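Please keep the structure in view while reading.

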Amino acid sequence: MLDWDDLRFFVALADEGSLSAAARRLKVDHATVARRIAALEARVNARLVDRRPRRYLLTAEGARIAEHARRMEAEVFALERGTMPADAARMVEVSVSAPPMIALTLVAPRIAPFQAAHPHIRFKLLAEVRHVSLVRREADVALRLSRPTDPTLVIRKAGTMRYRLYAARSYGEGRAPEDHGFIAFDETLNDTPQQHWMKGIAGAREIVLTTNDLGVQCAAAAAGLGIAALPDFLGELYGLCPVGDGAEHIDRDAFVTYHADLRNNRAVTDVAAFLATCLPRPR
């Protein structure tokens, strides 16, 4: 008989295309993935992948087996969602994925009163930039700054993040606007709306720092390094001042989302409603 774990590893490789990416998804080392794939090939007595220097390509037999395995995986995750405790009579852990600075400053400080009112719910708060897969149960509930397109998800607009240009109070003193420097995301987050907006305003002026972390941007701006495009709640938290009259801004809607299979799970819907109360409304 086929081993389900071998098939699970094979689906990850088929989806991700490389051992390292599949290993990151499964939270194991790449040697474990390679060993599972070899075991599956031995069981079915067929070559399932063509091993290229930087990528694994499915053979025709591999593509056929991957399609069956994906359906099996979907059924396993559906079964897990269906057996998740839903009432206050049983302790339940609800995993929540949110952008790191939102998790740190808006969600985590508010969990205690929520948990006091819902003692049967335990949070697993994942501070992640990436979009986790709710279908594969990488989280039960996600807070995102872009609207998901997956039709299997329940999606609710939960708030709006208003971004302005912020700098330290003393940054503009004795410095002409044409000499302003800007703090930006690096290439991994270069496509975010606030990055495009800020770069349009910066024009030819210098980018004095790039980083993949919003908290680093805040700290650098607070230290007087330059101007950053930040949501209002972080600008205020770090004691920063809007640049100019603060009228220029860009809004990003925030969404709380979870799988439709969980729409009748009271613990999940209570957590989703709680997350919506954590998010700011623009002034």
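Glutamate 41 is buried, for its relative accessible area is 12%, and the cut-off for a buried residue is under 20%. The model in which this value was computed is a predicted one. What is the salt-bridge partner of glutamate 41? The partner is arginine 51, and the closest N and O atoms of the two residues are 2.8 Å apart. Arginine 51 has a relative accessibility of 44% and therefore counts as partly exposed.

Arginine 25 forms a salt bridge with aspartate 15, with 3.1 Å between the closest N and O atoms. Because arginine 25 lies in helix 2 (residues 19–26) and aspartate 15 in helix 1 (residues 4–16), the pair ties together parts that are 10 residues apart in sequence. Here arginine 25 is the buried residue, with a relative accessible area of 13%, whereas aspartate 15, at 33% relative accessibility, counts as partly exposed.

Arginine 137 and aspartate 140 form another salt bridge, in which the closest N and O atoms are 2.8 Å apart. Arginine 137 counts as partly exposed at 26% relative accessibility, and aspartate 140 counts as buried at 3%. Some salt bridges share partners: Asp3, Asp5, Asp6, Arg8, Arg36 and Arg43 are joined in this way into one network. How many salt bridges does a search of the whole structure find? The search finds 21. As a general principle, side chains of opposite charge can pair when their charged atoms come close.

The strands come next. Strand 6 (residues 153–167) has 15 residues, of which 12 are buried, and it is therefore largely enclosed by the rest of the structure. Which strands pair with strand 6? Strand 11 (residues 250–259) pairs with strand 6 in the antiparallel sense over 10 bridges; within this pairing, lysine 157 has phenylalanine 255 as its bridge partner. Strand 9 (residues 227–231) also runs antiparallel to strand 6 and is joined to it by 4 bridges, with proline 231 as the bridge partner of tyrosine 163. Strand 10 (residues 241–242) is antiparallel to strand 6 as well and is connected to it by 2 bridges; there, alanine 167 has cysteine 241 as its bridge partner.

A parallel pairing is found between strand 7 (residues 182–185) and strand 8 (residues 207–211), which are linked by 4 bridges. Phenylalanine 185 has threonine 211 of strand 8 as its bridge partner. Together with helix 7 (residues 193–202), strand 7 and strand 8 make a right-handed β-α-β unit.

The last topic is the nonpolar interior. In soluble globular proteins, nonpolar side chains tend to be buried together. The largest nonpolar core of this model has 58 residues, and those with the most contacts inside it are Val94, Ile102, Val141, Leu143, Val271, Phe274 and Leu275. With its neighbours within four places in sequence left aside, phenylalanine 274 is in contact with Val107, Arg110, Ile111, Phe114 and Phe123.

Terms used: Residues numbered from 1 in each chain as written. Predicted model: local features only at pLDDT ≥ 70, side-chain atom pairs only at ≥ 80, totals over all residues. Heavy atoms only, no water. Buried < 20%, exposed > 50% of the residue type's maximum accessible area, 1.4 Å probe, protein only. Pairing = 2+ DSSP bridges. Core = buried A, V, L, I, M, F, W, Y, C linked by side-chain atoms within 4.5 Å. Contact = heavy atoms within 4.5 Å. Salt bridge = Lys/Arg side-chain N within 4 Å of Asp/Glu carboxyl O. Right-handed = clockwise from strand over helix to strand, strands pointing away.
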